[in-house]
Each structure stands twice: as structure tokens, then as C-alpha cells.
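Below is a briefing on selected local features of one structure, grouped by topic.

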Amino acid sequence: MEMITVQQAEDLILSETQDFGNESIFYENALGRVLAEDLSADRDLPPFDRPTVDGIAILYDAYEKGQRSFSVKAVQSAGEPSISIDSEGQCIEIMTGAALDHSVDTVVRYEDISIQNGIATINTDINKGQNIHLKGKDKKEGAILVKANQVISPAIIGIAASVGKTTLSVKRLPKIVIISTGDEMVSAEASPGPFQLRRSNAITISSALQKYGVQADSLHLNDDYEEIRKEVSRCIHEYDVLLMSGGVSMGKFDYLPAVCEELGIKKRFHKIKQRPGKPFWFGKSEDKKLIFAFPGNPVSVFMCLHRYFIPWLEKSLKIPENPCQWAVLHNDIEFSPPLQYFAQVKLRVNDLGQLTAESVNTNGSGDFSHLADTDAFIELPLEQNIFKKGDVYKIWRYNL
């Protein structure tokens with residue numbers, strides 16, 4: 001199969017989205033997960049008439065008849081049973097959020113009254129029903145407060161608590177393993193030899209997935225055909241998704257395509273007309289397990305992860321699709337190869353309120369040093385070689 005375009009790769013990957021079902025979790029552990037059920041009000045909200053200010057509660061009819069001074073019968077705080085007045089000449093000192101009795105219908109704030117010797121005098125004009133949050137005004141019992149298929153935010157957790165929903169149904173996450181390869185790679189804790197490199201791809205991928213609540217396993221394999229075959233065979237049975245880095249190019253020790261073929265994993269594509277990340281390999285086993293095999297260079301991994309895998313994950317979890325983001329190119333770029341170019345850019349907002357993207361010069365897909373001080377990849381079309389300042393192109397954010 002010849003190289004495919006970025007759009008073809010995206011279409012093939014998104015055609016393989018999967019639903020991993022639902023599970024119930026404690027609400028305190030639900031931040032960042034995807035809600036799989038509607039949250040409804042278990043009673044009217046608010047559940048009773050309540051004042052929105054501290055002050056006194058009166059019956060408006062008495063004020064309308066000309067009465068301005070009222071004897072204070074009692075002081076009522078929030079959480080206490082409501083207290084009624086016995087006559088129109090009485091009032092209740094009441095605090096914000098307390099339960100308002102049906103014998104009173106208007107609340108006057110402390111700033112608009114004076115109290116002396118147990119008598120409250122109103123010093124301003126008032127309106128019937130003022131400063132009261134009526135029962136059920138926000139939502140009626142049974143009304144939907146939060147719809148399913150949303151990423152659970154602190155606000156949603158607060159709403160869940162307010163309706164007593166301490167166990168939430170959420171979308172189940174795929175079981176993912178991250179596999180890095182290469183004899184030249186040593187652990188981050190090790191002191192590398194003169195021709196070795198520290199491993200960073202697995203922890204980079206793992207960290208990006210934590211935003212979605214995914215706790216991925218990881219392992220590293222040397223460039224040994226039998227070891228790779230054995231571990232890929234084991235992982236394809238134990239996990240839903242294998243995210244691999246390295247071993248997919250044209251080198252003598254890039255064994256992954258041959259291993260997958262031997263294991264009966266169907267190749268959907270190998271190589272995309274793009275830079276970085278051209279050798280990207282994608283396939284599916286007979287039982288619908290997926291392998292995303294990224295090239296080993298760190299920038300290639302980073303780009304392919306954000307351009308292809310994360311959109312697949314979000315669609316599989318039914319996270320609402322974010323509108324595509326675009327930015328105005330801040331500087332001219334020339335790129336001659338017949339490939340779709342993903343340039344690292346810094347994002348800013350100009351005086352017109354436009355999002356602008358300024359490209360940075362890098363030394364190829366192995367130069368990961370700029371990933372920390374850039375914000376996104378800007379996707380430059382395959383059909384062009386010259387990209388002018390002021391042109392608008394799609395961006396893929398990675399630093400927010």
C-alpha cells in the first residue's frame with residue numbers, strides 16, 4: 001500500500017472508534033471522566049422559599065396598609081425549621097438561605113432597616129416578594145441538571161453532591177499499554193553511554209493520557225524479534241490499545257510490521273504523507289484490538305499522539321467534539337517536500353483579537369527541545385510549498 005494522506009489516515013482511524021461500556025465510580029474520583037448518565041434534581045431547587053439577603057421577613061399586606069415598624073418575634077438561621085408570625089405587626093429576623101415560612105412573603109435587608117428595642121423599622125420603599133429565591137425556581141424535581149456525555153468538571157461534581165449522587169456512571173476507559181523499543185534507549189534514571197539516549201516517549205504519552213483519567217501501563221523492548229513478537233502477542237490479548245514508539249521505519253531492526261503480520265494483525269496503513277511522523281503504522285487484530293505504532297522520534301510521537309490518537313480516544317469516549325481551531329500564520333514558511341507539514345508554533349493573540357501562530361526553527365523530528373516553549377502544531381497543506389504570513393491554518397494544541 002502506498003503512502004496515504006493525513007485526511008485518509010484520520011478517516012481510517014476514526015472509523016475504528018469503539019465503545020468500552022460504562023462503569024460506576026465514586027463521585028470524588030470522577031474528575032475528568034466522561035459522564036454516562038443524566039443527572040436530575042431529586043427535589044425542587046431550591047427546595048423551599050429562602051431569602052437571598054440577611055434582614056427581616058414581613059407580610060407585605062401590612063406594609064401596603066402603611067405599617068413601617070414591626071416587632072421582632074424571633075431570629076431564624078439557615079438550617080432551622082421555619083418560624084411563622086402570629087400577626088401582621090410582627091417580623092422574623094432571618095438569615096440568607098433560611099427556610100421562609102408561608103406566613104411572610106417579603107424580605108427587607110438589614111441595610112434598609114433600623115432595629116431598636118426589638119422593633120424593626122423600614123427606611124426605604126420595598127416591593128412585594130423582594131429578596132426571595134422561590135421554591136423550584138431554578139429546577140423542578142426530576143428536571144435534568146447535567147446531560148450525559150460531558151467531561152466531568154468540578155462544577156458537575158458539585159451538582160452531583162447537591163442532589164446526593166455520590167456514585168456516577170461514567171464511560172469505561174480503554175485498557176492501554178505503551179511500548180517503547182530500541183537497544184539504544186536506557187531508563188530516565190540511568191546515565192547513558194556515549195551512544196545511548198534516555199527514554200522519554202512512554203512517559204510523555206502516559207502524561208498526556210492522564211488528562212482523560214487513563215492510567216496506562218508501559219514496558220520497553222529491545223530490538224529482538226522474538227521478544228517483540230512474544231510481548232506484542234501477550235499485550236494484544238491483555239489490552240484494548242497498544243501505543244508503540246519505534247520499530248516501524250525501514251531499518252534492519254524495525255521489526256514491528258513483520259511481527260504484526262505474523263500475529264495476524266491487519267495493517268490498515270503504513271506511512272502517511274506528513275512530516276514529522278511519516279512511518280506511522282496502524283492496525284487491528286481480529287478481536288478489534290488496535291495498534292498505533294508511532295515512529296520513535298519524540299516530536300513524531302508527540303504530533304501523531306495529538307493529531308490521531310487523542311481524537312480517536314475522545315470520539316470513543318463520546319466527548320463532545322471541539323470545534324476545529326485555526327490560527328493566523330505570523331511569519332512566512334517554505335517547505336518543499338511533497339508532505340503535509342506540521343510545524344511547531346507559539347500562539348499569541350494580536351491587537352485584533354486574532355489567534356496567531358509563529359513557527360520556530362527546529363532540527364527535525366528528533367529535536368524535542370522546543371516542545372516545552374511552543375503551544376501547538378500548525379497543519380500546512382500538502383498541496384503548497386510556500387505559506388504566507390496572514391494565511392489561516394488548522395492548529396493542534398498540546399500545551400494549554
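Leaving aside neighbours within four places in sequence, Thr374 is in contact (heavy atoms within 4.5 Å) with Gln344, Val345, Lys346, Val360, Tyr398 and Asn399. This is a predicted model, in which local features need pLDDT of at least 70, side-chain atom pairs count only at pLDDT 80 or more, and totals for chains, interfaces and linings use all residues. Residues are numbered from 1 along each chain as its sequence is written, and side-chain values use heavy atoms, with hydrogens and water left out.

**Thr374**

- Thr374 sits in the loop that runs between β25 (355–359) and β26 (376–380); strands are DSSP runs of E with at least two residues, helices are runs of H or I with at least four, and both are numbered from the N terminus.
- Thr374 counts as buried because its relative accessibility is 0%; buried means under 20% relative accessible area, exposed over 50%, and partly exposed in between, with a 1.4 Å probe and protein chains only.
- The side chains of Thr374 and Tyr398 are joined by a polar contact of 2.5 Å. A polar contact is a pair of N or O atoms within 3.5 Å; within protein, one must be able to donate a hydrogen and the other to accept it, and residues adjacent in sequence count only if both atoms are side-chain atoms.

- Strand β5 (residues 69–76) runs antiparallel to β9 (residues 119–122), with three bridges joining them; two strands pair if DSSP finds at least two bridges between them.
- Ser69 has Thr121 in β9 as its bridge partner.
- β5 also runs parallel to β6 (residues 90–94), joined by five bridges, and Gln76 stands opposite Ile94 in β6.
- β8 (residues 113–116) is antiparallel to β9 and joined to that strand by four bridges; Gln116 has Ile119 as its bridge partner.
- β8 and β9 form a hairpin with two residues between them, and Asn117 in the turn has a positive phi of about 55°.
- In a regular strand the side chains alternate between the two faces of the sheet.

**Helix α3**

- In α3 (residues 154–162), the buried residues are Ile156, Ile157 and Ala160. They cover an arc of only 100° around the axis, which puts them on the same side of α3; the arc is that of the directions from the helix axis to the C-beta atoms.
- These buried residues of α3 pack against β2 (39–40), β11 (144–146) and β12 (167–171).
- Exposed residues Pro154 and Ala155 are on the face of α3 turned away from its buried side.
- Gly164 follows α3 and has a positive phi, near 75°.
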